Amino acid sequence: MSNEAERIEALRKLNILDTPPEARFDVITHQAQQEFACKTCLISLVAEDRQWFKSRQGLTVNETPRNVSFCTYAIAEEEYLIVPDTHADFRFKNNKLVRGEPFIRSYAGMILHSPDGYEIGTFCLIHDEVKHYSEAQIKRLKQYARIVELEMIANPEFGGR
């Protein structure tokens with residue numbers, strides 16, 4: 001990314017990386033996990049060499065290396081990245097997170113933006129089966145992402161306004 005240094009600085013300014021879990025974020029990921037009947041729902045923030053999870057449902061690790069991150073691909077998109085079948089996508093079919101735990105078969109990630117517009121991470125759903133999303137479902141996922149953005153910037157502790 002051409003603006004990678006600025007993007008990382010925007011993420012750092014939020015003072016959210018490596019903070020403890022919070023109910024206000026966990027409630028959002030839990031609700032989406034239930035609504036979409038997915039294996040995993042995450043609020044993922046993409047740092048220099050890792051993706052770190054502010055909230056996670058259905059996953060035990062706090063972070064994964066950026067070089068295997070689906071979210072790294074997602075933040076390079078305009079709004080979102082949807083991969084209905086990872087086995088059919090050349091970018092992901094040999095990814096260790098597809099071939100091994102957590103066996104990602106489908107991914108949907110909506111970009112999360114910093115207050116100044118940088119792509120800092122994603123609100124994402126992971127399924128262990130092929131999953132196609134309707135326009136209405138994509139719209140709903142975008143709504144979840146906006147709620148997460150508002151929560152991140154609303155808290156002065158996180159560099160919000």
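1. The structure is a predicted model, in which local features need pLDDT of at least 70 and side-chain atom pairs count only at pLDDT 80 or more, while totals for chains, interfaces and linings use all residues. Residues are numbered from 1 along each chain as its sequence is written, and side-chain values use heavy atoms, with hydrogens and water left out.

2. Six strands form an open sheet in the order 3-2-1-6-5-4, with antiparallel pairing; its edge strands, strand 3 (63–65) and strand 4 (80–83), each pair on one side only. Helices (H or I, at least four residues) and strands (E, at least two) are DSSP runs numbered from the N terminus, and two strands pair if DSSP finds at least two bridges between them.

3. Strand 1 (residues 40–46) is joined to strand 6 by six bridges in the antiparallel sense, and Thr-40 stands opposite Ile-126 in strand 6.

4. Thr-122 belongs to strand 6 (residues 119–127) and is buried, at 0% relative accessibility, where buried means under 20% relative accessible area (1.4 Å probe, protein chains only). Beyond its neighbours within four places in sequence, Thr-122 has contacts (heavy atoms within 4.5 Å) that include Leu-42, Cys-71 and Tyr-107.

5. Thr-19, in the loop between helix 1 (4–13) and helix 2 (23–36), is also buried, because its relative accessible area is 17%. Its side chain makes a polar contact with the side chain of Lys-54 at 2.7 Å, the term being a pair of N or O atoms within 3.5 Å; within protein, one must be able to donate a hydrogen and the other to accept it, and residues adjacent in sequence count only if both atoms are side-chain atoms.

Terms used. Buried means under 20% relative accessible area, exposed over 50%, partly exposed in between (1.4 Å probe, protein chains only).
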